[in-house]
Amino acid sequence: MLRQRLYTSQYSFFDKLKSIDYFLVFLILILAAISFMVMYSIDGGKIAYYTKNHFIRFSVFFVLFLFLSFVRIRFWFISSYIFYLIILAMLVMVFYFGVTASGSQRWINLYFINIQPSELMKIAIIICFARYYHRMQSADLQNFKNIFLPLVLLTIPCIFVVAQPDLGTAILIAISGIFVMWIAGLNIKYFVYTGIMLLVSTPFIISLLKPYQKLRILTFFNPERDPLGAGYQIIQSKIAIGSGGFFGKGFLKGTQSYLEFLPEKHTDFIFTLYAEEFGFIGCLFLLLIYILLIYRIVRIGFLSRSFFAKLYCFGFSAAIFAYIFVNMSMVLGIVPIVGSPLPILSYGGSSMLTIMIGFAIVMSCKIYNTDQIS
Amino acid sequence: MLSQKEIRSSFSKNEIINRRVFLLAAAKIVLFGGMTYRLFNLQISDREKYLLLSDKNRLREWKTPPQRGIITDYFNNVIAENDRVFQLHVNLEEVKDFNNLIVRLKTILNLNNNNLRYIYKKVSKLKPWDTLVVSDNLTWEQFSRLNLYLHELQGAEPVLSSARNYPYDKDLVHVVGYVGEASAKDIMSNEKIQSNYVPGLKVGKSGLEKSLEGDLIGRYGIKRYEVNAYGKRISQINQVESIKGKKVTTTIDVECQQLAQNLLKGQSGSICAMDIYTGEIIAMASSPTYDPNKFTHGINIKDWNEIKNNPLKPLINKSLAGLYSPGSIIKPLVALAALEFDIIKPNMTVKCEEVIELYGQKYHCWKKKGHGFMRLRNAIKQSCDIYFYEVARLLGVDRLSILAKRYGLGSKVLGDLYIDEKIGIVPSTKWKLENLGLPWYLGETIITGIGQGYIQSTPLQLCLMTAQLANGGYKIKPQIILDDELNYEDIRSMIKLDLEKYNLSSNPKKLIELNKDILQEQNIELYKPMYRNPENVKFVLEAMFASTNELYGTSFNSRHEDEKYQFAGKTGTSQVRRITEAEREADLKISEIEYKNRDHALYVAFAPYKDPRYAISVLIEHGGSGSKVAAPIANKFIKKIIDRHKFREFKRIKVNDLA
């Protein structure tokens, strides 16, 4: 039974192979290659800790991605709520038994790896909402009680994540969910009202913030306020990026990053290192890759028959865009520092796992795009 | 199967979704565009700015200290050099927790509480961007331990530097001076110090070290490093070498100087020696003396107090900063003046009966019962005061002052080289009116004739005066820095030729007539005659010979029989205070008089008499008697100088050949 549900279908294996979006795979591999180059640079021009780990993780999760791509989209549809609940349970577990690192309690220890459930929630919420809105009629959409449930489904994990504390990821989860709601057709006016409400309650929200988060906002507006403390990262990031110039300083020659002026260069500030070494032209290239990536995902969305698949793909594309945008803006000093990894490029197991699972589902949408889900 | 309603609914749903996705896509494009624009801003438009900031981040410049020029004596023996030292500097900007750092350093370097107190005191005076020199002289042990723990000591910087070392320590300090840490005043007053300032820089504080600072200091070098965010040096980018300061060669002969200091040991006094033609100073000793090496790294309180509280005043360079009444030393000059101005003839006779009276004041001769009938030669030889009272009375203080000034008294001998050099006093009626607002009295004239009263001179001035008499009465320029251009042969032949012209001339009297203008002349050119009649000078020199080498001469007991060393000189005993009649009656021996009341003992001489080359002066403060105390020292010293002469000649010929 399960087997049937999982992958038995009318297509032959060969057909499935044919319907893989190889261009998407290619783009993922290019991003991986770029990330390896950057990790190599971080390791100081040799294959050490970062390069090795990142490579292993990518390889393992890439294989996982390939396998999971053959899972029928139906399976994802059926298990979406379960998936969501499992991740939520993990979040609760983190809250009580979590592993702490760098002052926040975000991980669960699973013997040889630590998992960050908040990352997985980013995908879980998309799948969850995609299923929720799959069946819904457009008329029923605006019904208040039909909005209430998704909001609850959204808010609960966010609260747990904020409590870790991890405001950045919480915001991204919220954004992912809201995007799906938007795409599904929720009336604009709800968004407008919410937006206004948020704006009005901003002072209240700010007062709830922890001191370091308040500081982050203040230094965002004026990094020079505290150039050696809170503003340090933004200032250094801008200096590093700006000094890259048009062609960049060259592979392995990123002096700012290399000389330890830039902290967190393997995660949040990976783009800075990349920009310093490969310059404006390198950045344009990377942006292009990401744009193409998103385009492919959106295309798969259009090619899919079921709403679930469509909603999922479109939602995922918007989410990926959000991750990229938030990270790059943060690094460029446009947005306060929140701590958000760049897809595939950033070092980090949970982030990589999440993205790969996400892509796997997208690929599944592509392979089984003619499936109808009732 | 889907119902009609459902199908319709799904179409409109599709529409909605599609529309929204397009909107989203458009939004994404806009945002991506925004990002690109921002990237463009940073990487293209503002690139220069960020490049500059990135360089400012990672490049640091350090000034490396300049190498101080070395100082040598005439024979290239090094008297001031630079030793390698290990230092610890702390860059205050890079230190996160200063107290913590100091605690660490205390253990690593084995500092005691005094050291710590001193460090904190130093820091309180510094600005936050300054560099603190924790120690400018670490032992090798301390230095290596420091390097071992360096990674924990953010902001600490071990520095390889150099420190001044004086191999002859006490013996040359009054010629060369010493160095110490540059004070704010030093930096303000000297532009070269200002531009070359590195933390811990040592600058000259006295003597030649100070006056020749500009030449000695050299120029700093630059080291450019790439640093990481912790200020740790990663790699050296480039380096500009520091420039060594100029080498200074003095005219001093270390051996003669050392003997001079030895002869003065335990006393307060001075010995100077000068070449009578080139003006080169062979030795300039002053006692007591001190060790300049103690100042290089900061002198400790105990040593400083020892120096400061020594009643014989080691810090004062007696040779050029000590002012004394010349006493009988002035007599040859008085005699010369009287002869030149045609006031007296050598055969003028005066009866010395130990005392004369003038306007109710009594003026004594040193010899009890007097000298009896005296002529000029004898008066010089036996140093008769009464004779010279008469000569002075006839000459007048103003005419004497002209000649005294001409022969080197009353002005600095070495120009600006020694800031502590004194000018001395050559009194005249005008001088007294201008400086004391009082008229001149005849009584003062006559005591000036025996070198007492207002007249004050330094031992170096007396040496110069003797030199200019000994060379026949020609003006010379004293040097303590070797001048390669100066050629003894040239000067000697110039003078010889000039003297010859009197012998060669058919009418020498006429020549002498023509010299008349010289009498009032104040400024005479170098190597030109300062006399009107060369015979006058000859006479005086001959009288000095008698004073030393003939029986009854005041320095007869100190003479050299050997012609090689034979010298001619003049004793001097300079009163420090008025002697009352009662004391005269008591006629105490020197040893019975309290030290500070004893007369100073002076002696000047030139040698070898046959063909003089050197002039010397000796001063022993409170020595009591010139002939008993100063002359014997001169005897020993002159022997050394003559013995060293051949080495000096050999070196000179080499030097002159190269020039």
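The model is predicted, so local features need pLDDT of at least 70 and side-chain atom pairs count only at pLDDT 80 or more, while totals for chains, interfaces and linings use all residues. Residues are numbered from 1 along each chain as its sequence is written, chains are lettered from A in the order in which they are written, and side-chain values use heavy atoms, leaving out hydrogens and water.

Seven residue pairs, both at pLDDT 80 or more, are in polar contact across the interface of chain B and chain A. A polar contact is a pair of N or O atoms within 3.5 Å; within protein, one must be able to donate a hydrogen and the other to accept it, and residues adjacent in sequence count only if both atoms are side-chain atoms.

## What chain B supplies

On the side of chain B that touches chain A, α1 (4-45), α2 (47-58) and β8 (221-227) each supply at least two residues. Helices (H or I, at least four residues) and strands (E, at least two) are DSSP runs, numbered from the N terminus. The largest share, 25 residues, comes from α1(B).

## Extent of the interface

In contact (heavy atoms within 4.5 Å) are 38 residues of chain B and 55 residues of chain A. The two chains bury about 4,100 Å² between them, 70% of it on carbon and sulfur atoms. Buried area is the accessible area (1.4 Å probe) that two parts lose on being put together, summed over both.
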